[in-house]
Amino acid sequence: MMWRAGHTLSRRLAERSAARLWSNNPPKCPPSVSSQLDSSPRPQAEKQRRKRQREKAILSGQQPSSENNIVNWSEKEKIVYTSPAPPGAKKDTKTDFPSSYSPEYVESCWYQWWEKEGFFSPDQDRLSHGVERTFSLCIPPPNVTGTLHLGHALTVAVEDALVRWRRMQGCRVLWVPGCDHAGIATQAVVERRLLRRTGKLRQDFSREEFLQEVWKWKEEKGEAIYQQLRGLGASLDWSRACFTMDPAFCRAVTAAFVRLCDSGLIYRSEGLINWSCALQSAISDIEVDWKELGGQTMLSVPGYERKVEFGTMLTFAYPVDGQGGEVAVSTTRPETMLGDVAVAVHPDDPRYQAFHGKHCRHPFSSRLLPIITDTLVDMQLGTGAVKVTPAHDHTDFLLSQRHALPRLTVIGGDGTMTPSCGQWLQGVKRFDARQLVVDALVEKKLFRETKSHAMTLPICSRSGDVIEPLLKKQWFVRCDGMAKRAVRAVEDGQLEIIPHHYTKTWTNWLSNISDWCISRQLWWGHQIPAYQVQLPHSADQPEEQWVWGQSEDEARQRAAVKYGVKLEDIRLIRDPDVLDTWFSSGLFPFAMLGWPEQTSDLKRFYPNSILETGSDLIFFWVARMVMLGTELTGQLPFKQVLFHSLVRDKYGRKMSKSLGNVIDPLDVIHGVSLQRLQEKVKEGNLDPREQLVAMEAQRKDFPRGIPQCGTDALRFALCSHRTQGEDISLSINQVLSCRHFCNKMWQTLRFTLGVLGENTAPLGTLEETNPASSMERWICSRLYSTVAQCERAFEAYELHNVTSVLHSFWVHSLCDVYLECVKPVIVKQNEEAVVWSDSELTNSQRQAIPAVLYHCVSLSLALLSPFMPFITEELWQRLEPFRPGPVAQTSLCVQPYPQSSKLEHWRFPEEEKDFLLVQEVVRVARSLRAQCGLTKEKPAMWVVCSPSQAQVLLHFGSAVWTLSRISSLQICCPDGGDAVQPRCSSPPPEGSLVGVVDHTCQLHLPVQSRMDIDTQILQLSQRRDKLLPKLDQVLQRLRSPDHLTKVPAHVRQQMDRKISALKQELKMIEDQMKLLQETQTAG
């Protein structure tokens, strides 16, 4: 799971820049992953400062300025679906409609029915709207040991939205579920379990016995992650579920290894790797955590009873042989000095000119260490001399290659000192040896000083052990050629990376790639199909002899041919190591479809249409899939890569188990108490300070726990963020707001069903429904525009825009405007408030309202279905008895997705444009009512406007009256206008309150004696204080020197109109304040 000398080397170079005394021109190496993912990486000190600030904000009670303080919620009634039904049976929606939305009620039964009916299968020949197009992808396989976190939930929400959208479009959709065997993580879990249950270590079992225990654990726990994915509503084809240790997948892994070996792309060599002494295995970069130390720090290390000191720099001297002088060097790891093979200085350093070509004498082994010169040494740092330990330092390893230096291993795989250190240190633990070495240097009077030193310490995320760079013979993948093809694929447009700014990151990293170590010293995983060959008299051969094959028999045949010996003379010993988990994961897009066999699935669905995943996996997984897929299949594994952002907590911290700030999506879906949240933190193996910070953050953020929000609300909230942009800071308040939206949908359906239940005339089909009245044309046109916007945003993978326009349509257009306008007509709650007279609304138009309402709601549910599958299915099924015409499908999830081309007869752009004026008039009218303290009264108002505006207000007169809650609207057009003049009134009364709509339209509300004049003056003053900075801001832009040359003409016109309107409103405010003050004085 690592790129050799990539992330580790670059981090090591950064960490040791002062300690190792290298210059600012280090050897060419891949840039670090952290810097790749952050275009402007902050120095470690800055990161530490920000971390401390966040912790201080939590512990001191400060809250992020952009966030509401805590989650405010009240316990909602939980309604449970209780109708008896066998598993997989369709839910009965003919039961009573509950009065309020309850996630538990809504989300029961539907998923089991979808799965049983096979709606998630690509073999949807029954779709009447099917098209000859496939859409295939795999889910990034979660670890079999894992549980869902919000990162998983974001992945599922985004991918399932795309999958359901394409399926409703009629595409042949395949979304394959999978699970990764997670070699190190799984082995560690089972080892702990065995130790707890039997008191035995892994080494107390044979390999076969231990693997049997792992499979037992997998059978017990392995399905948990799949059930969690079902709980999130993921419409995966479970019949094709793929586990990376399944027999078919194992055959694919073996075939890939053998083919890459045959082509020379996999080779065996000695290299410096990340080693966990606790696990006694190489580990990947992704399994290395970097702990920032500000200086001297005592840390707990596995296998040590006492804490170990880190963050100190020690300086000692090497005597120069035969010269009587010495060369002082500095190190943070004095125990490695037993492996020093040279001392390096800069060739131009005058202090060491006399020592060029000389040797230092090692104080403990009496070995001679050459003093070498290299321009990489920085003369200005420290003593200007550097100790060289090639077998235990990545930088020194590169230097040994330049100067042909030997490599002496002094720390073994178990973390103890090797026999080459001498009997006094042999078998001593490395950090115990550290103090012994220091004491011995003091005794020999070679110790010079020690001081506190800020550094970055690599920690194994699986064991908590300190990583040890060790020199080992391992299997490596030669990456250079494959990486170049991966870069060209993006440059030539064969592979599209979204967002496009990751293209530069992709190119830079792959252009500096190193070879990839794929050996892991584990038992759980894909055992490497390579065999060491032992032949008669092979003991005389200094080099190892290896063959590989799909089976041991094939390997034996290869060995016989390769070495020209008889089969019976060959003895094969299989490599006990397993392959890096990322190697098998890199095969997933084609191995899941049956490769290397040419299956029908492989022919139909490979290459995949898209890969969607987190941006943090761009190198660990995505790059490897592209390289391996292209090499092994001759095709790119997918055509597009879509990266989503990382999910952070409200304080801006990455959600991490090591910080204790991970939120389980199931806790958001079902709700959880604060007590249980705190118990989960205590169950984790956190540093005491991190535990304190985590628990305090929970107490502040969730004093009453997390409310039950439901799956639909969580999915909608996640997709509402701009997932292709900055990292996502998700708050529970946002999810709770989406639950309120679910309730809004629920109540809308209750109203709609009431309207449809009282309607006696049959509903027309969508094609037969032609809106006649002004409000019907407006709402239908708004829906047409919404569908068109959804189409564009879906195609661009801008899901936040889709959710935004759908929420806006349902809440602000359908509920806040249309339903409010038609309620008085339909339910006749208040005879005086009927807005359409018989002359304005014919009987046929009145009968068309239920049809328009039905289709608006039904189509909106279909539009929302990819994001909120449970509530939309529930509500859509309840509309079924009123559905006109034949039903295309039995479930909403396979209904045709609404298309703007089918709604052309609902397109009225002029109605939408004109209604913008109505909405502004309503806004100003409500503001004037509020200023006067009018809550129930319906006053008369005057509007002074242009003739064209008067035409619009007359056209939508009923909507203006209803939404503004006024008794009448008197229209005055000072500029005349033949068309509207007969319906115009006299000017508004003197002394009216005035509200400005725009520079040609003002509303007037006569001042009543019962008004609270002091309140009015205060409100007007506050309004003036808000407008003045706005006017100043626009004027500042106007005074910009390049305003006339760089700002387009139409934008300048808009600014001029805005300035005019602001000045006019300010003048009217001053006039009104003067009038009110006069009235107050006269009173």
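Visitor: What stands opposite Y531 in β24?
Guide: V547 does. Strand β23, residues 530–534, pairs with β24 in the antiparallel sense over three bridges; two strands pair if DSSP finds at least two bridges between them. Helices (H or I, at least four residues) and strands (E, at least two) are DSSP runs, numbered from the N terminus.

Visitor: Experimental or predicted, and what are the ground rules?
Guide: This is a predicted model, where local features need pLDDT of at least 70 and side-chain atom pairs count only at pLDDT 80 or more, while totals for chains, interfaces and linings use all residues. Residues are numbered from 1 along each chain as its sequence is written, and side-chain values use heavy atoms, with hydrogens and water left out.

Visitor: Back to the sheet. In what order do the three strands come?
Guide: The order is β24-β23-β25, in an open sheet with antiparallel pairing. β24 (546–548) and β25 (571–574) are at the edges with a single partner strand each, so one side of each has no neighbour in the sheet. Neighbouring strands are turned by 40 degrees against each other on average, direction ignored.

Visitor: Which helix lies across β23, β24 and β25?
Guide: α15, residues 552–563, which runs at about 135 degrees to β24. Axes are lines fitted to C-alpha atoms, for helices over the stretch in contact (heavy atoms within 4.5 Å). Angles run from 0 to 180 degrees between N-to-C directions.

Visitor: What is L338 in contact with, beyond four places in sequence?
Guide: H362, F364, R367, L408, V410, C421, L425 and V437. T418 is 80 residues from L338 in sequence, and the two are 9.9 Å apart in space, C-alpha to C-alpha.

Visitor: And β13, how many bridges does it make with β16?
Guide: Four, in the antiparallel sense. V345 stands opposite A385 in β16.

Visitor: Which residues of β16 are buried on each side?
Guide: In β16 (residues 385–388), A385 and K387 are buried on one side and V386 and V388 on the other, which leaves both faces covered. In a regular strand the side chains alternate between the two faces of the sheet.

Technical notes:
Buried means under 20% relative accessible area, exposed over 50%, partly exposed in between (1.4 Å probe, protein chains only).
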